[in-house]
Amino acid sequence: MGCSTDHTARRAPGRPARRGSSATPQLIGHLAHDVSPDAAAPTAAQHRASTRRVLAYLGGFEGSTWQQLGCPLGRGEITATGLDPNRTGQKYSAGVRALFCLRVVQPTLLVVKKHNFNGFADQFIAARNDPLLEKYAAQVAHHDFSCPHKRQALFDVCYLLAVQGVGFVVLTPAALLHHAHESRTAKAALRPGKKDANVFAGHAAWNVLHAMGHFPPSTPATLRQALHRGQLTLDELVDRRTIRNQGLRRLLLDYFTAASPTLTTPPWSTWSATL
């Protein structure tokens with residue numbers, strides 16, 4: 001996520017924050033205003049003000065980029081509710097959501113689910129301005145299942161892209177499988193002992209992605225089938241790219257094998273798709 005594991009939520013009053021990009025709080029606030037597609041003008045203005053309010057607070061942490069400054073927010077050490085003196089989070093929630101959607105701060109899945117944002121998917125899609133993601137949203141709208149399933153299909157994909165920091169073009173079956181497992185872990189932490197905490201997320205999203213041909217033809221038709229099949233091997237991941245040059249195929253396998261001690265499921269799937 002771009003921040004060191006030993007980063008602590010320490011503020012430095014009076015110290016001007018150094019930022020590695022030219023994105024000012026004013027610019028980011030303006031972007032938050034622009035990616036509120038269905039909001040009335042006063043509401044969009046509130047989103048802009050909320051975003052700048054959160055950035056002003058983050059500016060007191062140690063770091064040279066917004067991602068570093070936002071590490072405590074992305075990891076859940078501070079929350080929208082925690083920032084609000086009234087403990088409601090109302091003045092900060094829209095700003096936190098905007099920073100996640102704009103990828104100014106990269107959150108964990110647990111943090112996103114803990115905030116339980118309204119309108120996250122719509123704002124994320126607007127912020128990404130990605131034709132492939134918009135095509136997916138259109139496919140979801142026309143898919144033959146209930147409104148709650150359509151809503152979940154959008155949220156699961158947008159949560160995945162925000163948390164894993166990838167684009168829709170490299171959204172692979174392995175990445176969605178990883179999201180399904182991580183979602184169940186997050187729900188177990190947020191709703192211990194509840195029946196729905198043991199349910200895998202991503203079923204509706206998998207159905208749409210498979211139906212629209214985004215996944216390779218050899219992909220199981222449902223998430224349930226994929227879960228029963230288990231994790232793909234390295235050879236299966238690489239062979240999905242139909243690499244005819246056996247020397248290149250061997251090179252990729254050797255590379256991933258050598259890197260395996262430090263890799264987790266999302267990088268496996270993303271790198272294999274990209275390469």
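Helices in this predicted model are DSSP runs of at least four residues, numbered from the N terminus. On that numbering, Arg103 is placed in the loop between H6 and helix H7, the latter spanning residues 109-115. The phi of Arg103 is positive, near 60 degrees, although the residue is not a glycine. Most residues other than glycine have a negative phi. Arg103 counts as partly exposed because its relative accessibility is 30%, a value between the limits of 20% for buried and 50% for exposed.

Asn129 follows helix H8 and belongs to the loop between H8 and H9. With a relative accessibility of 60%, Asn129 counts as exposed.

Helix H8 itself covers residues 120-128, and its buried residues are Phe120, Ala121, Gln123, Phe124, Ile125 and Ala127. The elements that cover these buried residues include helix H1 (25-34), helix H6 (90-101), helix H9 (131-142) and helix H10 (147-164).

The largest nonpolar core contains 64 residues. Within this core, the residues with the most contacts are Leu99, Phe100, Phe120, Tyr136, Val157 and Leu209. Helix H10 gives the most to the core, contributing ten residues. In soluble globular proteins, nonpolar side chains tend to be buried together. Leu209 touches Tyr136 and Val157, along with Phe168, Leu171, Leu176, His214 and Phe215, when residues up to four places away in sequence are not counted.

Eight aromatic pairs were found in a search of the whole structure. One of them joins Tyr57 and Phe61, whose ring centres are 5.6 Å apart; the planes meet at 65 degrees, so the pair is edge-to-face. Tyr57 is partly exposed, at 27% relative accessibility, whereas Phe61 is buried, at 1%. Phe100 and Phe117 also form an edge-to-face pair, with 5.9 Å from centre to centre and 80 degrees between the planes. This pair links distant parts of the chain, since Phe100 is in helix H6 and Phe117 is in the loop between H7 and H8, 17 residues apart. Phe100 is buried, with a relative accessibility of 0%, and Phe117 is buried as well, with a relative accessible area of 2%.

Ring pairs join Phe100 and Phe117 into a cluster with Phe120, Phe124, Phe155 and Tyr159. Phe155 also has a charged neighbour: Arg151 lies over the face of its ring, at 4.4 Å from the ring centre. Another such arrangement involves Arg53, whose charged end sits over the ring of Tyr92, 5.8 Å from the centre.

Helix H10 packs against helix H11 (residues 173-190) at an angle of about 95 degrees, and the two axes are 10 Å apart. The angle makes H10 roughly perpendicular to H11, because values of 65 to 115 degrees are classed in this way. On the H10 side, the contact is made by Asp156, Tyr159, Leu160 and Gln164. The H11 side contributes Ala175, Leu176, His178 and His179.

Conventions
Residues are numbered from 1 along each chain as its sequence is written. This is a predicted model: local features need pLDDT of at least 70, side-chain atom pairs count only at pLDDT 80 or more; totals for chains, interfaces and linings use all residues. Side-chain values use heavy atoms; hydrogens and water are left out. Buried means under 20% relative accessible area, exposed over 50%, partly exposed in between (1.4 Å probe, protein chains only). Helices (H or I, at least four residues) and strands (E, at least two) are DSSP runs, numbered from the N terminus. Contact means heavy atoms within 4.5 Å. A nonpolar core is a set of buried Ala, Val, Leu, Ile, Met, Phe, Trp, Tyr and Cys residues joined through side-chain atoms within 4.5 Å. Rings of Phe, Tyr and Trp (its six-membered ring) pair if their centres lie within 6.5 Å; planes under 30 degrees apart count as stacked, over 60 as edge-to-face and the rest as tilted. A charge sits over a ring if NZ of Lys or CZ of Arg is within 6 Å of the ring centre and within 35 degrees of the ring normal. Axes are lines fitted to C-alpha atoms, for helices over the stretch in contact, and angles run from 0 to 180 degrees between N-to-C directions. Angles under 35 degrees count as roughly parallel, over 145 as roughly antiparallel, 65 to 115 as roughly perpendicular and the rest as oblique.
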